[in-house]
Structures are given as structure tokens and as C-alpha cells.
Amino acid sequence: QVQLVESGGGLVQAGGSLRLSCAASGRTFSIRAMGWFRQAPGKEREFVAQLIWSGGFTSYADSVKGRFTISRDNAKNTVYLQMNSLKPEDTAIYYCAARSALGRPYEYWGQGTQVTVSS
């Protein structure tokens with residue numbers, strides 16, 4: 001099992017920045033990719049960004065490209081999501097996720113952290 005704990009959410013004005021952190025513990029050696037997802041009120045959960053362990057390849061949703069950056073600290077088993085130029089539509093609960101195989105859905109999830117962007 002892998003446990004994920006997010007932190008770093010909060011309230012920020014439009015145009016501001018936040019950095020989310022996701023600390024992984026447990027069977028971290030089994031992780032092949034980690035990602036960030038978000039769910040706004042009344043909407044379905046959506047993909048935000050992903051980082052593949054082998055090679056460090058990253059991918060992003062079109063809505064956040066150029067504004068968000070996913071990165072990792074191997075020594076700390078932590079993944080970050082740097083969010084710049086935040087918009088009110090970025091308001092959501094942000095979830096960290098991990099998966100043990102690239103061909104499978106994400107199987108490990110954090111509890112989520114609230115991000116609120118005021119206009």
C-alpha cells in the first residue's frame with residue numbers, strides 16, 4: 001500500500017501562486033507515476049498533471065499548461081504542483097494520486113486539499 005498526504009492548499013487572489021505538496025509513504029518503490037487531479041463543486045474530477053517516474057516525463061491538462069508545473073523530490077518521496085497565474089476557475093479540491101503501472105488507473109489517492117482563488 002501507498003499512503004499519500006497533500007498539503008499547501010489555501011485561499012489566494014487571482015494571479016497569485018500556490019505550491020501543493022504530496023508526501024508518499026509505504027511501498028513507494030512500487031510507484032510508476034504520480035499525478036494531480038481536481039474536483040470543483042458540481043463537476044467531475046478532472047486530470048491536472050502527471051509525472052512518470054522513469055524518465056521524468058510530464059503531461060498537463062490544456063487548461064493549466066504554461067501555468068502549473070509538476071515536479072518531485074526523490075529523497076523526500078514528495079511530488080509538488082507549482083501553480084502560478086491562478087484563476088477563479090482553478091478553485092477546486094486538489095487530489096494527489098499514484099499508480100503502480102502505467103497501464104492501470106490510479107489506485108492510490110490522498111485526502112485532498114482545498115484551493116480557492118478569489119477574483
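Trainee: In the hairpin of strand 5 and strand 6, which residue takes a positive phi?

Mentor: This is a predicted model, and in it the hairpin of strand 5 and strand 6 has 5 residues between the strands. The two strands run antiparallel and are joined by 3 bridges, with Gln 50 having Ser 59 in strand 6 as its bridge partner. Between the strands, the residue that takes a positive phi, near 95°, is Gly 55.

Trainee: Which residue in the turn between strand 4 and strand 5 has a positive phi?

Mentor: Strand 4, residues 33–39, runs antiparallel to strand 5 and is joined to it by 6 bridges. The two strands form a hairpin with 6 residues between them, and in that turn the residue with a positive phi, about 75°, is Gly 42.

Trainee: How many of the residues of strand 5 are buried?

Mentor: Strand 5 covers residues 46–52 and is described as mostly covered. One of its residues, Glu 46, is partly exposed, because its relative accessible area of 35% lies between the 20% and 50% cut-offs.

Trainee: Which residue stands opposite Glu 46, and what is the N to O distance in the salt bridge between their side chains?

Mentor: The residue opposite Glu 46 of strand 5 is Arg 38. Arg 38 counts as buried because its relative accessibility is 5%, which is under the 20% cut-off. The side chains of Arg 38 and Glu 46 meet in a salt bridge with an N to O distance of 2.6 Å.

Trainee: How many residues apart are Arg 38 and Asp 90?

Mentor: Arg 38 also forms a salt bridge with Asp 90, where the closest N and O atoms are 2.9 Å apart. This pair links distant parts of the chain, since Arg 38 belongs to strand 4 whereas Asp 90 lies in the loop between strand 8 (78–83) and strand 9 (92–99), and the separation is 52 residues.

Trainee: Is Asp 90 buried or exposed, and which residues share its salt-bridge network?

Mentor: Asp 90 has a relative accessible area of 0% and is therefore buried. Salt bridges that share partners join Asp 90 into one network with Arg 38, Glu 46 and Arg 67.

Trainee: How many residues does the largest nonpolar core have, and which residues are included in the second core?

Mentor: The largest nonpolar core has 29 residues, and Leu 4, Met 34, Trp 36, Leu 81, Met 83 and Tyr 94 have the most contacts inside it. Leaving aside neighbours within four places in sequence, Met 83 is in contact with residues including Leu 18, Phe 68, Tyr 94 and Val 115. A second, separate core of 5 residues includes Ala 33, Ile 52, Ala 97 and Tyr 106.

Note on methods: Residues are numbered from 1 along each chain as its sequence is written. This is a predicted model: local features need pLDDT of at least 70, side-chain atom pairs count only at pLDDT 80 or more; totals for chains, interfaces and linings use all residues. Side-chain values use heavy atoms; hydrogens and water are left out. Buried means under 20% relative accessible area, exposed over 50%, partly exposed in between (1.4 Å probe, protein chains only). Helices (H or I, at least four residues) and strands (E, at least two) are DSSP runs, numbered from the N terminus. Two strands pair if DSSP finds at least two bridges between them. A salt bridge is a side-chain nitrogen of Lys or Arg within 4 Å of a carboxyl oxygen of Asp or Glu. A nonpolar core is a set of buried Ala, Val, Leu, Ile, Met, Phe, Trp, Tyr and Cys residues joined through side-chain atoms within 4.5 Å. Contact means heavy atoms within 4.5 Å.
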